[in-house]
Amino acid sequence: MTAPARRVRAVRLGPRSVAALCLVSAIGVVAFGWPLLAGSASGLAHSQDAPWLFAALLPLLLAVVVATIADSGLDAKAIAMLGVLAAAGAALRPLGAGTAGIEPMFFLMVLSGRVLGPGFGFVLGSVAMFASALLTGGVGPWMPFQMLSMGWVSMGAGLLPGPAVVAPAQAEPGVRGRWRGRRELFLLAGYGAVASVGYGLVMNLQGWPYIGGLASGVSFVPGDPLSANLTRYLAYCLATSLGWDLPRAVVTVVLTLTLGGTVLKALRRATRRAAFEAPVEFVDPAGPAGRS
């Protein structure tokens, strides 16, 4: 009887790493959604310093999360893989420079998170976005929000169902899992489309409070009811970013369906050869005879 297939991951998340990820994600939700979450009577709703406070807080939290994950299981092989993929993602971003939503970076982040797992995916998304910001000169108060959002995108791909990399000792020749082949590509393409649009919607929340007073129909009004501000926010998204978010989703879907199979095979082959879960052993090159 063949043992059940399991997923090989570059980073195994321990309790501390999971706790750190949950904490920074919860604070990130507040950092993005405070205009909609704050009650009309709260001081936060009327504070003009809230976006700057979160912009200063998020980099520190992201650094803590990355350090925690690295301390719990990011070895030299995983760091090398992280460096290569982060550099590739950073190099892909300037190709479209955000023009009309042509951002092939999303395609690579989704596939990498799928193969290498949610822990590695979160670190990869954050580091790749940081590197691309330095490469394109896009450093500003929005950068930590972009890092967190891209970390979520890549981490979410790692949480999708089905084993992404089957351990060689447990793989049964000729057997394909439920989420492999075309079905897996369609799963990733669908997720990539949703994540591409979701990324734009979430990032709009970061910049939306800054435009107060510019246009009464789409600007954030401190202290207004949730329904009124949510209506303005949706109008803001339709007027400003939907023309970029939808093409980004289309590009991600097209690249996933056309190149996804090849890229997934390459990533899985590299992951198997790296043998992240194999214990490190030191062998005397001279052998037993050399020690006698």
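Modeller: A residue is called buried when its relative accessible area is under 20%, and since this is a predicted model, every such label describes the prediction.

Colleague: What makes H6 largely enclosed by the rest of the structure?

Modeller: Of the 16 residues of H6, 15 are buried, and therefore the helix is largely enclosed by the rest of the structure.

Colleague: How do you know what span to expect for H6?

Modeller: The expected span is 1.5 Å times one less than the number of residues. For H6, which covers residues 143-158 and has 16 residues, that expectation is 22 Å, and the 23 Å from its first C-alpha to its last is close to it.

Colleague: Why is Gln 146 called buried?

Modeller: Gln 146, which lies in helix H6, has a relative accessible area of 11%, and because the cut-off is under 20%, the residue counts as buried. Leaving aside neighbours within four places in sequence, Gln 146 is in contact with Arg 93, Met 129, Gly 138, Tyr 199 and Met 203.

Colleague: And why does Thr 271 count as buried?

Modeller: Its relative accessibility is 1%, which is under 20%, and so Thr 271 counts as buried. Thr 271 has its place in helix H9, residues 242-274.

Colleague: Which residues have the most contacts inside the largest nonpolar core?

Modeller: They are Leu 85, Phe 120, Phe 122 and Val 153, in a core of 58 residues. Helix H4, residues 105-116, gives the most to this core, with nine residues.

Colleague: What links Phe 32, Phe 145 and Trp 152 into a cluster?

Modeller: Ring pairs link Phe 32, Phe 145 and Trp 152, a pair being counted when the ring centres lie within 6.5 Å. By this rule the count comes to five aromatic pairs.

Colleague: Finally, how many helices and strands are there in the protein?

Modeller: There are 10 helices and zero strands, and among contacts between residues at least 6 apart in sequence, 81% join residues at least 24 apart.

Technical notes: Residues are numbered from 1 along each chain as its sequence is written. This is a predicted model: local features need pLDDT of at least 70, side-chain atom pairs count only at pLDDT 80 or more; totals for chains, interfaces and linings use all residues. Side-chain values use heavy atoms; hydrogens and water are left out. Helices (H or I, at least four residues) and strands (E, at least two) are DSSP runs, numbered from the N terminus. Buried means under 20% relative accessible area, exposed over 50%, partly exposed in between (1.4 Å probe, protein chains only). Contact means heavy atoms within 4.5 Å. A nonpolar core is a set of buried Ala, Val, Leu, Ile, Met, Phe, Trp, Tyr and Cys residues joined through side-chain atoms within 4.5 Å. Rings of Phe, Tyr and Trp (its six-membered ring) pair if their centres lie within 6.5 Å; planes under 30 degrees apart count as stacked, over 60 as edge-to-face and the rest as tilted.
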